[in-house]
Amino acid sequence: MSYEYFPGFYDRLMDSELYDEWLEFSADFIGDSPKKVLDLACGTAEFALRLSFFGHQVTGVDLSKEMVAVAKEKVAAAEIDLPIIEQDMSKLALKQTFDVVTCFCDSLNYLETEQALEATIQAVSAHLEPNGLFLFDVHSVFKIEQGFKNYSYGDSDEEISTIWNSFPGEHPHSVEHELTFYILGEDDTYNRVDELHKERTYPIATYENLLKKYGFTKIDIYADFSHEKPNNTSERIFFVARK
């Protein structure tokens, strides 16, 4: 999966209100007192910055060097202490522990195999303090198989046009997103850029069993930014796992 061009306009494609919803959901469990928080797959640090503004001591990790570069620019502009580290979350090795680990925006679905998912959950457990929290969301099987079925999205302005089409992936409960961007260059011509993003999810029980395997003793599961339990048509599944 390529992130060579995507990070430069990632924030323009994302609905900024989603970050506020993730923050509101997280606050219900993190509480008001400052915590030491690790934000996995932090992207451009939009969510990590929000956590930091609320008084938490935040570290961001992302696999993409391009995302990390954009995140560092934003953190520098905000003039706050928020380390951004380029690292594979399935091979996490930070030599410190945290009160809370977050991983939102269905980032775990970008892991290509169940083995990588397991390695990530194991690594998260190793980086959490006793009684620490792991908060994350994933696409439901319903969302992958039905919500993205024949999905197509387009948007444009003077500088960039975006075409986003989704197709079934090669694995069970997987999807492939084909993204095409037409980007206005300095010579006033548009350059075409193509990227392929792959996502894969699993039944809720798979995530739950892996969490239990690596020492999470209390696991609460919710749906679609609410405190309601998932049903057959829930699209985004939230896990609140305490070690």
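The questions and answers below cover strands, turns and surface charges in a predicted model.

Residues are numbered from 1 along each chain as its sequence is written. In this predicted model, local features need pLDDT of at least 70, side-chain atom pairs count only at pLDDT 80 or more, and totals for chains, interfaces and linings use all residues.

User: How many bridges join β7 to β8?
Analyst: Strands here are DSSP runs of E with at least two residues, numbered from the N terminus, and two of them pair if DSSP finds at least two bridges between them. Strand β7 covers residues 160-168 and β8 covers residues 174-184, running antiparallel. S166 has H177 in β8 as its bridge partner. The bridges joining β7 to β8 number nine.

User: Which residue in the turn between β7 and β8 has a positive phi?
Analyst: The two strands form a hairpin with five residues between them. With a phi of about 55°, the turn residue is H173.

User: Which residue in β9 is the bridge partner of E176?
Analyst: β8 and β9 (residues 190-200) run antiparallel and are joined by eleven bridges. In their hairpin, D188 takes a positive phi near 65°. The partner of E176 in β9 is K198.

User: Is E17 buried or exposed?
Analyst: E17 lies in helix α2, residues 16-30. Buried means under 20% relative accessible area, exposed over 50% and partly exposed in between, with a 1.4 Å probe and protein chains only. At 53%, E17 is therefore exposed.

User: What is the C-alpha to C-alpha distance between K218 and S161?
Analyst: K218 is in strand β10, residues 218-223. K218 and S161 are 57 residues apart in sequence. In space, their C-alpha to C-alpha distance is 45 Å.

Notes
Side-chain values use heavy atoms; hydrogens and water are left out. Helices (H or I, at least four residues) and strands (E, at least two) are DSSP runs, numbered from the N terminus.
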